[in-house]
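Dear colleague,

I am handing over the structure that follows, and my notes on it come after it. Please read them with the model open beside you.

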Amino acid sequence: MLHLTNIQKTYPHFHIHVPELHVLKGEFLALLGSSGSGKSTLLRIIAGLLTPEQGTLVLDHQTLTHIKPEKRDIAMAFQQPLLFPHLNVIENISFGLKMKRRKKKERLQQATSYLELVGLEGYETRMPHQLSGGEQQRVSLARAMIMKPRLLLMDEPFSSVDPNIRSELQELTLRLHAEHHMTTIFVTHDHDEAFQMADRIGIMQAGKLLQVDTAHQLYQAPLSVDVARFLGQKNIWQGFIQAGKFISDFITFDRVEHPTGKGHLIAPPSGFQLLKPTNQKSEHEMEGTIAKISVQKGSYRILVRVHAAQIETTVPFDPHITWTPNEPVLLRYQADHFTWLPDPLA
Amino acid sequence: MFKSHKSWALLQLFLFIIILFPFIMMLLFSFFTGWSWPHLFPQTLNVSAWSYLFSGNAGVQEAITNSLVIAFSATAVNLLLALPAAHALAQHTFAGKKIVEALLFAPLIIPPFVAMMGLQITLIQWNLTDTRLGVTIAHLVPTFPYLLRPLYTSFTTLASEWNAQARLLGASRLQRFWYVSLPHLMPGILAGVMLSLLVSFSQYLITLLIGGGAIKTLPLILFPYITSGDLRMGATFSILFTAVTLSILFIVEWCLKRFYKHRHTVPM
């Protein structure tokens, strides 16, 4: 559907390079990255507001490179709602149809139905300054969707509204996407937002698209240490594997069945189970002490000191078990939860 | 700022009197004669100044026509020049921008009379002195910055993002200007047009220098009476001058606001 090849753009202190990106028809793709990672720049390149120095963009077998943004049939919702202040709600929504010289009756009819779609019936003649931030974004969304674009781009559209309004807007967007199957690229810096909403997530960092995958795949099989770190993995160690054993300066794990060689071991918190010490210690268990406890939604995040390493674990709330700092504990691990990233061959 | 409504009301009253007083004086001077001690007000009603004004001999009609044609022509040309200039200054960066900006706003600081000395020579070469066209060209110099300034401010507050948004809703360049930029710029255009008209209306020296006395505008026929000490004629012409200026301003404001209001509700 949308196919990007070798897109490059250089700024004095920044270079964006996307070797390849495929977006499928009807897909909801999130571009996730911290600010300055180039995700908005990439979106503007797709929209045509910025011209890449190199590379091709193909949408539905049509090369977009030399087509003006207004002719691309791509709609965009920006970070700010950007409603035209001199036009009322219904005029704002029907703006694009007016530009296409559609008849007044048709414009009014469609705009009204899209206004209902975003849940703002009765707001027709209000001016933008009379709306709340969330309402403005709804109008902005309706204004983009009424164009029935081949591609809908959303550039952090909910980052400037309150959290509760934000989840409302997220649900609305998902509902509209499910009903209309509009191919969407959604830029965000919010992990939760990306993981909740998107079919696939593209992770961007310093102008590079590190990995595009489903949420599950990103956690289970990150392609690089950068991706794992970006997704919040703390248990990452550099070391080597020898005879089914992972050895690093800080920690050692048995039964890590990978070919011998150097690399990084990524051990998600789900691969560990925290136990009260017993007299017996089995093969997959290590002794440690609790370094730090912090409370999260429905669970504890407990850092356990084992040898020279600190291992992050998550433990569900249990009213019968209490954990205290400096308490000796037993840490059981499941090596099949771990990801091994061998270093590229020199 | 003010401790009570009372002091604010007093200040308003004070300002009102300061502004209104000269007008009352002008009215008294123009309608009466024989204002001598110990009378508080002049005693004899004398409308000879007004009858001269409307007699057709005073050249009033010609002066009003000249003033209007010159002011509106100069303002129209200014608008055509100032729109792209303000756009370039507000939304683009280019080498030498500061210098261009300084040059464009220079007439605000350097007396336009300085430029007039050079311009006069050029206009003589072009055979345009003593013509309405010549005076109109000369009026561009002092009026231009007054139109440019509010437009410049309007353009700086015109978010380029609105343009980007309009583009992605399929608006062509012309459509973007007409439906997005122009409504936003309208208050700035309104303010600039009024200032430009006003400044052009009140030009004396430049009109005299380039028009050589052949092109009579309102200030030109007003000035001799004031300098010669004929207070009655001076006051009468001043009232006429003020009336013409004010009515033009009201008409312009009314027209533009109507246009703006129209644009406000009709795009649907």
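Which residues of chain B does the UniProt annotation "transmembrane region" cover? According to that unreviewed entry, the annotation covers residues 7-32, 68-90, 102-126, 177-198, 205-227 and 233-256 of chain B, where UniProt positions are given in the numbering used here, feature names are shortened, and annotations may be inferred rather than shown by experiment.

Before the rest, a word on conventions. This is a predicted model, in which local features need pLDDT of at least 70 and side-chain atom pairs count only at pLDDT 80 or more, while totals for chains, interfaces and linings use all residues. Residues are numbered from 1 along each chain as its sequence is written, chains are lettered from A and ligands numbered from 1 in the order in which they are written, and side-chain values use heavy atoms, with hydrogens and water left out.

Two of the annotated spans were looked at in terms of helices (DSSP runs of H or I, at least four residues) and strands (runs of E, at least two), both numbered from the N terminus. Residues 102-126 of chain B are 88% helix and 0% strand, with the end C-alpha atoms 28 Å apart. For residues 205-227 of chain B the figures are 74% helix and 0% strand, and the end C-alpha atoms lie 14 Å apart.

The spaces come next. On a 1 Å grid over the protein atoms alone, a cavity is a set of points where a 1.4 Å probe fits but cannot get out, a pocket is an open set with protein on both sides within 12 Å along at least five of seven lines, and lining residues have an atom within 4 Å of a point. Grid points are joined across faces, edges and corners, and a volume is the space filled by probe spheres set on the points.

The largest pocket has a volume of about 760 Å³. It is lined by 23 residues, of which B:His87, B:Gln91, B:Asn163, B:Arg173 and B:Arg176 are the closest to its centre. Helix H3 (60-91), helix H7 (160-167) and helix H8 (173-201) of chain B each give two or more residues to this lining.

The whole structure holds 2 cavities of 30 Å³ or more, and the largest cavity contains about 60 Å³ of space. Its lining includes A:Phe28, A:Leu141, A:Leu152 and A:His177. At least two lining residues come from each of helix H5 (133-145), strand E7 (151-155) and helix H6 (163-180) of chain A, and H6(A) has the largest share, with 3 residues.

Chain A also has an open sheet of 5 strands, in the order E15-E19-E16-E17-E18 with antiparallel pairing, two strands being paired if DSSP finds at least two bridges between them. Strand E15 (272-275) and strand E18 (309-316) of chain A are at the edges with a single partner strand each, so one side of each has no neighbour in the sheet. Within this sheet, strand E16 (residues 285-296) and strand E17 (residues 299-306) of chain A run antiparallel and are joined by 7 bridges, and A:Ile290 stands opposite A:Val304 in E17(A).

Another open sheet of 5 strands in chain A has the order E13-E12-E11-E14-E20, again with antiparallel pairing. Its edge strands, strand E13 (252-253) and strand E20 (339-342) of chain A, each pair on one side only.

With best regards
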